[in-house]
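Please look at the model below before reading these points. They are meant to be checked against it one at a time.

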Amino acid sequence: MWPFKKKGISIQPGESKDLFFEIPKDKEIEEIVLNYDDKYGNKYETRALVNFKERKIIRQSYSMIKKIKDCPEEDRPRLVVHEKDLENYLKEI
């Protein structure tokens with residue numbers, strides 16, 4: 001996982017935020033791991049496997065990694081890495 005310049009970013013449903021991370025110079029394919037929680041304290045993560053050379057997302061997965069309180073599936077937060085946003089970010093650096 002790469003060090004993020006901003007930690008503890010608060011984000012609301014439907015909102016998007018810019019994330020800043022270092023791109024590995026020696027790797028073509030790498031995984032981005034985003035950790036987050038909900039209002040109950042449940043812990044989640046999003047894993048996105050990215051091909052930096054082709055600027056494509058190969059796969060994404062979402063999971064609950066620590067359950068504090070029951071929460072219906074439809075109320076669980078999901079951070080999504082959008083390919084278009086990733087491509088725009090990679091063009092800027």
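1. Strand β2 is mostly covered, with 7 of its 9 residues buried. Buried means under 20% relative accessible area, exposed over 50%, and partly exposed in between (1.4 Å probe, protein chains only). Helices (H or I, at least four residues) and strands (E, at least two) are DSSP runs, numbered from the N terminus.

2. This is a predicted model, in which local features need pLDDT of at least 70 and side-chain atom pairs count only at pLDDT 80 or more, while totals for chains, interfaces and linings use all residues. Residues are numbered from 1 along each chain as its sequence is written, and side-chain values use heavy atoms, with hydrogens and water left out.

3. The protein has 1 helix and 3 strands, in the order β-β-β-α from the N terminus. Its C-alpha trace spans about 40 × 20 × 20 Å along the principal axes.

4. β2 pairs with β1 in the antiparallel sense over 9 bridges. β2 also pairs with β3 (residues 56–66), again antiparallel and over 9 bridges. Two strands count as paired if DSSP finds at least two bridges between them.

5. The one between β1 and β2 has 5 residues between the strands, and glycine 41 in the turn has a positive phi of about 95°. The hairpin of β2 and β3 has 4 residues between the strands, and there arginine 55 takes a positive phi near 55°.

6. The largest nonpolar core has 11 residues, among them Phe21, Ile32, Val50, Ile57 and Leu86. β1 (29–37), β2 (43–51) and α1 (83–92) each supply at least two of its residues, and the largest share, 3 residues, comes from α1. A nonpolar core is a set of buried Ala, Val, Leu, Ile, Met, Phe, Trp, Tyr and Cys residues joined through side-chain atoms within 4.5 Å.

7. What does valine 50 touch, leaving out residues up to four places away in sequence? The list is Glu28, Ile29, Glu30, Ile32, Lys56, Ile57, Ile58 and Leu86. Contact means heavy atoms within 4.5 Å. Across the protein, 39% of the contacts with a separation of 6 or more are between residues 24 or more positions apart.

8. Buried residues make up 27% of the 93 residues. The protein exposes about 7,100 Å², of which carbon and sulfur atoms supply 46%. Accessible areas come from the Shrake-Rupley method with a 1.4 Å probe; for residues, only the protein chains shown count as cover.
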